[in-house]
Structures are given as structure tokens and as C-alpha cells.
Amino acid sequence: MEDVSTPVLVVGGGLVGLSAAVFLTWQGQRPLLIERHPGTSPHPRARGVNVRAMELYRQVGLEERIRATESGRALAGNSGIVRMESLAGRQAPGFSRDYLESGAEEVSPTGWTLCEQDELEPLLRERAEESGADLRFGHELGSHNQDADGVTATVRRRDTGEQYTVRADYMVVADGAGSPVRGRLGITRGGHGVLARYLNIHFRADLTELLGERRFVMAYVRNAEVTAGLLPVNNTDRWLLHVPLSPEEAERRDSWGEERCEAAVRAAVGVAGLPVKILGAQPWEAAGLVAAAFRRGRLFLAGDSAHVMPPTGAFGSGTGIQDAHNLAWKLAMVLRGEAGAELLDTYESERIPVARATVRQAVLRSLDRPGRDEPVPEGAILPDHVVALEYRYPVAGAAPEDVLAPEGGGGRPGTRAPHLWLERGGERISTLDLYDGRGMVLVAGPRGQRWCEAAARLSPPPTAHRIGAHGLTDPSGRWAGAHGVPSDGAVLVRPDGFVLARCTGGDAPEAALAEALSALPGHRAAAAPAAESTTGSRRPE
């Protein structure tokens, strides 16, 4: 095969690698992705797409396509964790905690959804390919090395053994929890470690009549024959069963054959003669670990290669998706010449503290589940929406005292910009819809015209919006207060929807904006010639 060059080589074609490809193409880049397996995952595995991940997929136009998948439609009304002797047997009081309540309804235009990994990955693959990404399944990374100008990788096509060389400016490593690349780089991991080992049994059996009108996310099953977690895939004939494994069973992959899997399913369902078809069985570990570094030069770890966490809270894949998005817009700005390479330093300084805080929350939730006897400090577990949405990034290089902000962002720099419902041309939109993910955005209050005019004189100019101009209205009148600025102020927002600066007062708005942009390491902004200041979609309002 011919040698190739690419701006970004993505290693790994799971949820995070495919998301990275989607986000990079959204930025106008054409990445090359390689995945050693011949196709996307045939196993449901991860299925909870949390609210922040859904916001990012909404930004690139995927929200409705995700909700339209079979599992997205079938499980849209499922909620809660229940306990039972078996599906056909006695149901015990449910498992309830205050932190399980979503709480995101008022703070986000979207919400978390249940979409099985074997449906989400093909959707992402299709979107990445139609947007120009070069995706190569069945291609495996061999060696790699980097120099001052880029990364050189040797890739092998697994079905023919052919090898070729890829030259990339940067490499995104999304090759899973056992990341071979992380191992070669000598990057260690630390944290709580392994909490438990499980076998994930994917099976087909028509349980419609037994299920009845019940619609749960997960059922803890405990009887004399089996202790397991039962999870619906479509509420009818596709299900998952999570069975705990002893350390010895985890080592011996042949200890669970098809007959034993069928017996466990029948015991969990409570019907001895139940017709069952085993579709697959995969062992996995519930662990809490974070890599000591997310970067080595031009190589960046994302997703499970950077951090692993138990599935409690559905934070694992969502955190990896956020990694991919954070990295994609920064790589794109550097590749376009809009920022220097020092911008890429912020990937590690921003994402490592968030990963550590999120892993801790997932571990605490796991310890708080039925059957665990480890104490959890009172008040240590924060609500799901706080963990997913209300984390803070360092401002001007100074790490915040608390990464998670239970009191909400309030428009403060380093926090996700608040969601409010606005109207534009008679259509209801979220403030988050103003941030297209491709560049800096300035949103000004009704009397903030001067900030829009100043933004137009920067090069490149941020996209500028003003409340009350060009059909954009604030029916609730809450925009200024929610962002902590007066009606003649503005907020400067990064491509990922995080506030870079609040703009208030002052006699030199152009200088103030340039100073605010300079707080983002490596960002290049300068005054533009007057003839260029009002062109294109970035015309001030």
C-alpha cells in the first residue's frame, strides 16, 4: 500500500476514536483513523450517553440520529434501578439515591440517553466517513516515533499483512484500557484500582410478557443460583447480564461456556426452560484509574487509554467523548495557524483534573451500590448533572480549588456557559446553540454593540451575536444575570462552550478582548484591517 500523510492519525475506532474523527471533520480536518478490528463493536457494552456528551453530539448535528436508534427509541422511557429475586420472582424495594436524579432539565437543552454501543459506533462511523475522514478498519499500528515536526507510524493491514507508513502532524491515542501505545510510552496509571470483574453476557430471549409494564435501567438480581445485573437493550428480546467473576474465573476465559451462560440467564429471569440464545460474552473490569500523563509530545491519550472508571453514573464513555472534543478544536486551531502549539498544553492541564474528579465520583457510586460494604463519606457523592456539566477548567494557568462546582458555573470563566432558552426568528434555541464548536464566539447583551464592533476588528474575528439584534431575543430576560454581566456587557466563549472571559465596563473594548483572548495559551489575535472587519458570517450585530 502507498504511504500516506495526514494532519491527525487516530489510533482506535471505538466510541472515543470515532468521536474524535467526527469532531475533527467538523473542524474541517481530514483525519486518518486505524482500528485493528474489522468493524465496529458487535457487542452492546457501554450504553449510557450522558448529558454533556449529548450536548457535544448536538453541536455536530447528531442528537436526533442518536435518539432515533432502536435502543434510543426503545429505552427512552426507562428509568431507575430496581432489585429483585428474578424477573419472574419477587421484586424488592428499589435502589434510590438523591444523586441519581438527573437535575439537568433546567440547565441543558438536551438530556442523557440510552443508546447501545453497537448502534452508536456505526452511526459515528457513517458520519465521520461522509464528512471526509479516512477510516481504516482491520489496520493495526505497528511502530511509531516522533520528531520535532510530526509522528511517523508503521501500519499493517491485518488481512494481507501489507505494511505502509503514515506521517502525521499529531496522533490521538484511543486504543482502549489496555492501551499498547500508553504502555510503550511508559505512562503509568494511579487511583483506586480494580473494584470488581464481570462477564457481560449479551443474549436474546423474549421477556416481553415477564417484563410487563416495568421500565428500568438496571435490575440487581440476587437468588440462590445467581447474583447479577440485568439490563434491557430493547425491552423485548435483547438483554445484557452482568455476572461477577472471581479472580480465577477472570483469568480463565474458558470457564464460562455457552451452557453456563444460558444457566445464569435462566436463573436471573426465573424461568427454568426459557429459550435463550447467547449472542456474545465479554469479560471486563470495573476499575478506577487515571494515567499520570495524557500527552507525550505530539501524542495524546483519550478515553479509556487515559482513564477507566466503573459504569456507575455512565461517566466513562462521556468523559472520553469530552476528551476527544476538547482535543479536536485545539488541534484544529493549531493546524489552521490560529494558535501556537502551546495551546495543546491545556489539553492535559484541563482534562486530567476532570478525569480524576469524575473517576472518584464513579468509584464512590460503585461503593454505594447494593452488595458493597465499604463506607462512603456523607455528602461525598455529587449529583449526576454536577459531575457531567459543572466542572471547571483552570483560568490563566491557575488550577481551581475545586474541579467540580456544585453551585453551578454562573458564567464564570473556566465554566461551561449557562443554558437558557432564547428565540431567533421565532424559533426556540438554546444559548448553547450559538456556539458552533468551530471558533471563538462573543455574545453581547442588548446594549453591548461596542463589543461586537470590537470583535470584528480582531483577526480572526470571533463570531458575534447580540441579544436583541437580528431576531435574537431573550424572552425570559435572564441572559445578563445568568452570565454575570450587565446589559451592556458580553461573554467570550471558547469553541467547546466554556467561558473564556466576561466583558464589562472599560473604555477600550478591542484591547479588552485581545487581552481576554491572550489568556488562552498560544491564541493569536490581532487587529484586522478595517476592510476585513465586517465580512462573512462573523459580521458584528
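Biologist: What length does helix α11 reach from its first C-alpha to its last, and what is expected?

Modeller: In this predicted model, helix α11 covers residues 345–367 and has 23 residues. From the first C-alpha to the last, α11 reaches 34 Å, close to the 33 Å expected at 1.5 Å a residue.

Biologist: Is α11 enclosed or exposed?

Modeller: Of the 23 residues of α11, 17 are buried, so the helix is largely enclosed by the rest of the structure. Buried here means under 20% relative accessible area.

Biologist: What span should α10 have, and how many of its residues are buried?

Modeller: The 20 residues of α10 should span 28 Å at 1.5 Å a residue, which agrees with the 29 Å between its end C-alpha atoms. As 19 of those 20 residues are buried, α10 is largely enclosed by the rest of the structure. Just after α10 comes Gly337, with a positive phi of about 80°.

Biologist: How should I read the packing of α1 with α10?

Modeller: In general, two packed helices are described by the angle between their axes and the distance between the axes. Here the axes of α1 (residues 15–26) and α10 (residues 316–335) come within 8 Å and cross at roughly 30°. That makes α1 roughly parallel to α10, since angles under 35 degrees count as roughly parallel. The crossing of the two helices is right-handed.

Biologist: Which residues make that contact?

Modeller: From α1 they are Leu15, Val16, Ser19, Ala20, Phe23 and Leu24. From α10 they are Ser317, Gly320, Ile321, Ala324, His325, Ala328 and Leu331. By class, the contact of α1 with α10 has nine nonpolar residues, four polar ones and no charged ones.

Biologist: Now a loop residue. Where is Thr69, and is Thr69 buried or exposed?

Modeller: Thr69 is in the loop between α3 (63–67) and α4 (70–74). Its relative accessible area is 10%, so Thr69 counts as buried. Leaving out residues up to four places away in sequence, Thr69 touches Cys115, Glu119 and Leu123.

Biologist: Where is Gly161, and how is its relative accessible area read?

Modeller: Gly161 is in the loop between β9 (151–157) and β10 (163–173). With a relative accessible area of 37%, Gly161 is partly exposed, because that class lies between the 20% limit for buried and the 50% limit for exposed.

Biologist: How many residues apart in sequence are Gly161 and Asp433, and what is their C-alpha to C-alpha distance?

Modeller: Gly161 and Asp433 are 272 residues apart in sequence, and their C-alpha atoms are 46 Å apart in space.

Note on methods:
Residues are numbered from 1 along each chain as its sequence is written. This is a predicted model: local features need pLDDT of at least 70, side-chain atom pairs count only at pLDDT 80 or more; totals for chains, interfaces and linings use all residues. Side-chain values use heavy atoms; hydrogens and water are left out. Axes are lines fitted to C-alpha atoms, for helices over the stretch in contact, and angles run from 0 to 180 degrees between N-to-C directions. Helices (H or I, at least four residues) and strands (E, at least two) are DSSP runs, numbered from the N terminus. Angles under 35 degrees count as roughly parallel, over 145 as roughly antiparallel, 65 to 115 as roughly perpendicular and the rest as oblique. A crossing is left-handed if the near helix is turned anticlockwise from the far one by less than a right angle, and right-handed if clockwise. Contact means heavy atoms within 4.5 Å. Ala, Val, Leu, Ile, Met, Phe, Trp, Tyr, Cys and Pro count as nonpolar, Asp, Glu, Lys and Arg as charged, and the others, Gly among them, as polar. Buried means under 20% relative accessible area, exposed over 50%, partly exposed in between (1.4 Å probe, protein chains only). The expected span of a helix is 1.5 Å times one less than its number of residues.
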